Each structure stands twice: as C-alpha cells, then as structure tokens.
Amino acid sequence: MRRGARSSIAPYPGASRDSRARLPQRVVRAPARGYANPAVASRPEPDEQRLDSLLAHHGERFAERFGNGSGTRLFFSPGRVNLMGAHLDYNGGPVMPMALDRGTFIALRARADDRLTLASTLEGEAFSARLAELPAAASGRWFDYPLGVVVHLLRGRPRSTGLDVLFGGNLPIGAGLSSSASICVGTAHALGKAWGQAAEPMTSIVAALWGEREWVGVRCGIMDPYAVALSRPGHVLWLECKQERFEHLPFDRENLRIAVVDSGIRRELAKGDFNRRVAECARAFELLRAHAPDAECLADVPAAAVERSADELGPLLARRARHVASEVERTRRARAALLAGDHPGFGRCVSATHESLRELYEVSVPELDCIVAAAHEWQGVLGARLTGAGFGGCAVVILARDACAGFDEHVQRAFEQRFGRRPPVFFFRSDAGPREYGS
Ligand code: GLA
C-alpha cells in the first residue's frame, strides 16, 4: 500500500495537522447548472473515442472564444463515484471510490503577456486579471474553484506567463459525482504542466484540497481529490483516510457495470446539512474517545463501544456513530468480497450502505429511495445506494454485465410513476486520473 505525501492539510476534522480545518466553514459545491451536454444522458457506455471527439469539440469552442493559434493544449480530468465508505473520509475511515469517464474538459494556451483568463462553456461570466494582481479572497462565483488552485500553485513560485483557459465538461454538476474535485485537480494538473511543473498527483491533490478548503471554504474530506488524481481504469481506489494510504483494487470490468441515476434534486439545504453531519460526528467522537482510548478518530471506535455509550450519546449521535462503525466494517467486508470475486456479496454491502444512510445517517430523500428500490426490482442488479453526500444528487447501481439493456427504461418508468418525470441514467466506465490529450 502506498502512502500519500503528507498534504499538510488534515485528512479529517479534529486531526491536528491543520488548525484551519476546525474553523466553521461554508460548504458550497460547484453551481448546479445541469448537464454540460444533455444529449449524453441515457446513452450506452461511452468509450475513449467519444471522449476524444468531445475534447476536440471543446478545442473548437476555445478557438471561437480565444482565436485560432498554435500551442492550444487539451486536458481531461475525471469525476468520481464512491462505491463504499459513505461519509467515512472526514471520520478517518476507509473509502472505495472510482474515477469516471466523464468529467472536466480544459483547453488552454499561453499568452505573450501575464494575464490569466478563466472562462467556461457552462457559465457566462469569466475571470481575468494579471497574474501579479490576483484577488485576495474568493468571490462566490464558479471560478473560485480553479482560481483557488492557481493561487496555491503560484505561492512562492510566481509566474509571468499568462494563460487563456476554457473549462467545460460532460459531468452532471453538483450531483454527488465530484465536479468540484474534477475541476480543481484538473486545474492543478493542466496549469501546472503549462507552467512547466512536473505532473505529480500529490501536488495536484494538495493544491485541490487547499483550493476547496482554504479558498472556496468547503469543509471536505480527502476522498474526492485522491479519487480524481490517482484512479486507474479497471480498479477502485482503496484509501485509508486516517493514514492517507492508498492502493488499487481490481474491479471486474468484464462482468460488472456501473450505472448512475440522477434524482435531479439539488438542495441548497444540503450545504448546511453536510456541515452538520461533520459536526455531529466530531461531537460523537468527543464523547466516545473517553471509552475508546486508542481511537484517533470516529472510524476507530468499534461498534460495541458505540453501543455501550448509546445513552450518553443520545439517540441522534448514536445513529450517526452506528452508521460510521457499521460502514467501516461493511467497507472492509466489501473489499474482501471484491477481491474474492464475490460480486453478489459486494453488491449486498453496497445496498446495506444505502439502508444505513437512510435510517441512521439520514441523508437520503424519497427520490433516491425510489431509484434504489426500482433498481432492486431489476434482474441482475447487485447493489444500489445513494452516492456522494446525499440530500439529493445521484444513486449508483452495480449491475451484472448482461443486465444493462432495459435497465434505464425500467428505473425511469418507476420514477416517473411517482414523481412525474424521467431521471437521466448514465452508464460509466472506470477511468484514469487527469491527462493531456494529443500530447
Ligand atoms: C461529499 C464530500 C466527500 C465525502 C462524501 C460522503 O461528496 O465532498 O468528501 O465526505 O460527501 O462520503
């Protein structure tokens, strides 16, 4: 198992490396602007060829905006889905995410002067300033995400080569597939390369975490940038968040498929709710650590110790701690099942996670429960759960290879009967971290 370079940013709240991680912070995810390209929803598995042509098209959009010229470079940075380890990263537990073959497109070109322009095909407003005159704080707009990363990249290493940068992508935004880590890690990778830095994943992870936590003000765990930066096709990333240690576990691409169904729910409330869960877990750990002296984080506290302290915790904190203790155990079982080729066993863990998120962590919504229930009716579905933080966003479904045909229609119909609209269904493949195209 490899160990990530110490990021100097704490892996979970309460860990001591960064006092700023304990400050109350706003949680704002990338703006919910729907799909970059609605036509890509509900189509069969995309392939590398398709990504190639989408990026070529993005290059044309760049030329329309910034003019033709030599030296335009194209980059792709994936989104991620987390299969197991729900809400464990900021509790110091293990997580099992995977990068997806949809994400952020970045086109850029060096300028003759020192001006930086950050534009997007999804947003009207662009950012533009001289590199020596970047703002001192975030402004609440979409470009906070890449700009925070730029500020970090330039700290102690000022640059004089300006860049024109155009962002775009084909990931549902704000839907629990980590569009924010995708743009932050992608920015670190692409702009780092444009400025002649070595494309080290840990450098991108540190810059992305700094940008999200310190610039944008999101109190996020480490899972998302690790997943985006370090994933490999055909594998899930196994990340022990307390130790920041990771390894790649084979995911049977031959026989398993991943579908993601978007509930379409984007709740402003989710920002406060996510922070509240982080705070509840911190409080539960404060109470439990007296009874589990060796524990360094909530994920270290065994289920039996939680039960012994249930009265002291009170019903709400006991539910949160029960989710965390059971999810740690389930995630380790899911790992064993995956490695043993026990796909039904792996799927059962995924589905049990949804139950726990609904009953104990209370982050599901009726739309997600409906998708999960409909998925379970379909022959060949092995497991289903909400993914990301919850409160809306997407459900992830693990299917046997032969079960894909007709699955989207089945779920859409069941959802439509109850909610009067058809949710987009995506089939994804596992993918690699950020990379340059045509280089
Ligand atoms: C959000 C956060 C992640 C993680 C998940 C829940 O996506 O950004 O760090 O906490 O929720 O597993």
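The questions and answers below concern a predicted model of one protein chain.

Q: What average pLDDT does the protein chain have, and over which residues is the pLDDT below 50?
A: The chain averages a pLDDT of 89, and 88% of the residues score at least 70.

Q: How many helices and strands does the protein chain have?
A: The chain has 439 residues, of which 60% count as buried. Among contacts between residues at least 6 apart in sequence, 74% join residues at least 24 apart. The secondary structure comes to eleven helices and 13 strands.

Q: What share of the accessible surface belongs to carbon and sulfur atoms?
A: The accessible surface of the protein chain comes to about 16,700 Å². The part of this surface that belongs to carbon and sulfur atoms is 49%.

Q: How are α8 and α9 oriented to each other, roughly parallel or roughly antiparallel?
A: Two packed helices are described by the angle between their axes and the distance between the axes. The axes of α8 (residues 310–339) and α9 (residues 343–359) come within 9 Å and cross at roughly 170 degrees. Angles over 145 degrees count as roughly antiparallel. The two helices, α8 and α9, are therefore roughly antiparallel.

Q: Which elements do the buried residues of α5 pack against?
A: Helix α5 (residues 223–230) is mostly covered, with eight of its eight residues buried. Among them are M223, Y226, V228 and L230. These buried residues pack against β2, β3, α3, α4, β7 and β8.

Q: Is S309 buried or exposed?
A: S309 sits in the loop between α7 (303–308) and α8. Not counting residues up to four places away in sequence, S309 touches L288 and H291. The relative accessible area of S309 is 4%, and the cut-off for buried is under 20%. S309 is therefore buried.

Q: What is the phi of S178?
A: Most residues other than glycine have a negative phi. S178 lies in the loop between β6 (163–169) and α3, and is buried at a relative accessible area of 5%. Phi of S178 is positive, near 60 degrees.

Q: What is the phi of F391?
A: F391 belongs to the loop between β10 (381–386) and β11 (394–400). This residue counts as buried, with 5% relative accessibility. Its phi is a positive value in a residue other than glycine, near 65 degrees.

Q: Which residues are in contact with D369, leaving aside its neighbours within four places in sequence?
A: D369 is part of helix α10 (residues 366–377) and counts as partly exposed, at 21% relative accessibility. Its C-alpha atom is separated by 8.4 Å from that of R385, 16 residues apart along the chain. The residues in contact with D369 are H354, R358 and S364.

Terms used: Residues are numbered from 1 along each chain as its sequence is written. This is a predicted model: local features need pLDDT of at least 70, side-chain atom pairs count only at pLDDT 80 or more; totals for chains, interfaces and linings use all residues. Side-chain values use heavy atoms; hydrogens and water are left out. Axes are lines fitted to C-alpha atoms, for helices over the stretch in contact, and angles run from 0 to 180 degrees between N-to-C directions. Helices (H or I, at least four residues) and strands (E, at least two) are DSSP runs, numbered from the N terminus. Angles under 35 degrees count as roughly parallel, over 145 as roughly antiparallel, 65 to 115 as roughly perpendicular and the rest as oblique. pLDDT is the predictor's confidence in each residue, from 0 to 100. Buried means under 20% relative accessible area, exposed over 50%, partly exposed in between (1.4 Å probe, protein chains only). Contact means heavy atoms within 4.5 Å. Accessible areas come from the Shrake-Rupley method with a 1.4 Å probe; for residues, only the protein chains shown count as cover.
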